[in-house]
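Work through the exercises below with the model open beside you. Try each task before you read its solution.

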Amino acid sequence: MASLEKYVFLGAVTVAIILMARTPDTQPPARPGDLADTGLASDSPAANPSRHDVLPAVLTLTPAPRGHLDTLLACKGMAPSLGNNVDGDLRVTDYKPLVVAQGSVTLATAPVGGGCLSSIFGQRNGRLHKGVDFYHDAPVPIYAAAAGKIRRRLYREDYGNMVVIDHGAGVYTRYAHLEDFSDIRQGDQVVAGQMIGTMGNTAGYRLPRHLHYEVLTGQWGARSGSFALEPVDVLALPAAGDPAP
Ligand SMILES: [Zn+2]
């Protein structure tokens, strides 16, 4: 009987090994946008394409937050409005990839997979531009600037396909004019750097493809929702890691 138990045990181990080996095949293939963000897309040998399938799981172990630009370029024509903070290569010299809002929430300043800075926060044509714009001619990925809860995921005539994320501590981010949404719903929890959609030009009027990105602080209004919040200039927030002022 002892040898029969041994065979049963070995059989169970074999089944377990087969199941473990099959797990990567059951995961959905990574989207091109996800791969672009890993920095590994171009150096991976085509001979082993299955390697890509397990990359998202590996990424969760990466300590540094992902899903934002490492360097920020001003779009052509934007440089004059940025004054001395742009060098000859259109690089925004005072760009801080990660900033802190309300002293506690670390946010990505440019939560996009590509693009250039096409508009800054402030007065524009007599109205307050309540965010910053990033332009690209392709539907690059848009990422959650920090972990949080999806408070809004809807279409509006003014903001087009729009997402608002609640990061806690009275900090919210808004992403407007998305071409489409990723697999997210109102009430979902997202992690920092999670793809929430792609850059688009949706609205009730014609506009170029870009992300309109707002950082908002304050109390969520019972009736007016995100429109009870105070917009802040993300480019002016302190860099993450700097000592508190
Ligand atoms: Zn805008």
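**Exercise 1: Strand order**

Task: State the order of the strands in the open sheet of 3 strands.

Solution. The order is E7-E13-E11, and the pairing is antiparallel. Strands are DSSP runs of at least two residues (E), and helices are runs of at least four (H or I), numbered from the N terminus. Two strands pair if DSSP finds at least two bridges between them. Now find the edges. Strand E7 (141-143) and strand E11 (180-181) each pair on one side only. Next, look at E7 and strand E13 (residues 195-198): 3 bridges join them. Take Tyr-143 as an example: its bridge partner in E13 is Met-195.

Before going on, note two conventions. This is a predicted model, where local features need pLDDT of at least 70 and side-chain atom pairs count only at pLDDT 80 or more, while totals for chains, interfaces and linings use all residues. Residues are numbered from 1 along each chain as its sequence is written.

**Exercise 2: Confidence**

Task: Find where the pLDDT is below 50.

Solution. Start with the term: pLDDT is the predictor's confidence in each residue, from 0 to 100. The mean for the protein is 81, and 72% of its residues reach 70 or more. The pLDDT is below 50 over residues 13-64. Beyond near neighbours in sequence, this stretch has 30 contacts in the model. Where pLDDT is low, the predicted coordinates should not be read in detail.

**Exercise 3: Buried or exposed?**

Task: Classify Asn-125 and Leu-90.

Solution. Count the other C-beta atoms, placed from the backbone, within 10 Å: 20 or more means buried, 12 or fewer exposed, and in between partly exposed. Asn-125 has 5 such neighbours, so Asn-125 is exposed. Asn-125 sits in the loop between strand E4 (122-124) and strand E5 (127-129). Its phi is positive, about 55°, although it is not a glycine.

**Exercise 4: The core**

Solution. A nonpolar core is a set of buried Ala, Val, Leu, Ile, Met, Phe, Trp, Tyr and Cys residues joined through C-beta atoms within 7 Å. The largest one has 47 residues. Val-112 is among the members that touch the most others. Beyond four places in sequence, the contacts of Val-112 (C-beta atoms, placed from the backbone, within 7 Å) include Leu-69, Phe-134 and Ile-142.

Key
Two residues are in contact if their C-beta atoms, placed from the backbone, lie within 7 Å.
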